[in-house]
Amino acid sequence: MKRRNFIKKASATSLGFAAFSSSLVSCDANLAKKKEPITTSKILKPLVIATWKTDLAVTTAAEVLEKGGSAIDAVEQGCRIEEANENGQSVGKGGLPDRDGDVTLDACIMNEKGDYGAVLGVKNIKHVISVARKVMEDTPHVMLVGEGAESFAVSKGFERENLLTEKSKKAWENWKIKSEYKPIINIENHDTIGMLAIDKNGDISGACTTSGLAYKMAGRVGDSPIIGGGLFVDNEIGGASATGLGEEVLKTVGSFLIVELMRQGKSPQQACEEAIGRIVNKPGKDFKNFQVGYIAINKRGETGAYSIHEWFSYNLYKDKENKNIKSDYFNKA
Ligand code: SD4
């Protein structure tokens, strides 16, 4: 290379680098600045959205909001309904166990201040959503797992009880005959509950509670209690929650992704669709045998939902009406 050319090239490179690094600096400076909330409009009409057919849970949450209660109280009270419902086999008491026959529960909760609490792999305690809230409010931590979480719950007055109902025990015993472990979620039959609410102050909170995948490996944790995976709330923007095969949600940090897409201007519906797109459009991804579904809300009270396959539904309480609505979905082939 001639000397002149080399100098030209070198200075272009260093100029380019300087421009790049200075843009990084200015970008960082912008990010660190205290910003006004992007969306300031406050809605004063309570709104609740939750995964699957969760009429009573949503009605319960809506009642809290209509009485002037906070979004965080609403989502906790709503989720407790499903945790106590022994017929639901994906949440709380009556949840299907892991391969060893142990029911282990995961839950998380996030408030309008961006505080978060979660418990993972908890045995013998039904209302893990309330334990997650205690982690958020009464400890300096965000997550407690297994025995530590159980002891913490007991120290807070929660009672130990057997979570394995006869119905779930029978299902597990039938499963054991073949012991076929396929980490596949049946496309039609879920009831992990992810719930988002907006209260009369316009504040948003969310919660998510599950027994996770049926017959999972002992110790397996899915997306539901992981911040940004099964749930994320940013009170300036909105919130999102997930259901379905947690491994796929976690690989794309689905709920955080949806909130960030809304921050960039996407509607809740567009954001949910793009998040599903991130899963199904991965090269070679065989999405035929697993389901993922998302729900989202923004600060204006607009909602969205989308899933990979048909039959994902959600309950929406809006304008004093609670309806179960079938979600739009990707796989129409
Ligand atoms: C998990 N996402 O543990 C949960 C399962 C689920 O309806 O949503 N089931 O992966």
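In this predicted model, helix 3 (residues 71-84) lies across strand 2 (105-110), strand 5 (193-198) and strand 6 (204-210). The direction of helix 3 runs at about 155 degrees to that of strand 5. A further helix, helix 5 (residues 146-155), packs on the sheet and touches strand 3 and strand 4; the angle between the directions of helix 5 and strand 4 is about 105 degrees. The two helix-strand angles are listed below.

| Helix | Strand | Angle between directions |
|---|---|---|
| Helix 3 (residues 71-84) | Strand 5 (193-198) | about 155 degrees |
| Helix 5 (residues 146-155) | Strand 4 | about 105 degrees |

The sheet itself is open and is formed by eight strands with mixed pairing, in the order 4-3-2-6-5-1-11-12. Strand 4 (143-145) and strand 12 (321-326) are its edge strands, each of which pairs on one side only. Between neighbouring strands of this sheet the turn is 10 degrees on average, with direction ignored.

Along the chain, Val 253 and Gly 228 are 25 residues apart, while their C-alpha atoms are separated by 5.6 Å.

Methods
Residues are numbered from 1 along each chain as its sequence is written. This is a predicted model: local features need pLDDT of at least 70, side-chain atom pairs count only at pLDDT 80 or more; totals for chains, interfaces and linings use all residues. Side-chain values use heavy atoms; hydrogens and water are left out. Two strands pair if DSSP finds at least two bridges between them. Helices (H or I, at least four residues) and strands (E, at least two) are DSSP runs, numbered from the N terminus. Axes are lines fitted to C-alpha atoms, for helices over the stretch in contact, and angles run from 0 to 180 degrees between N-to-C directions. Contact means heavy atoms within 4.5 Å.
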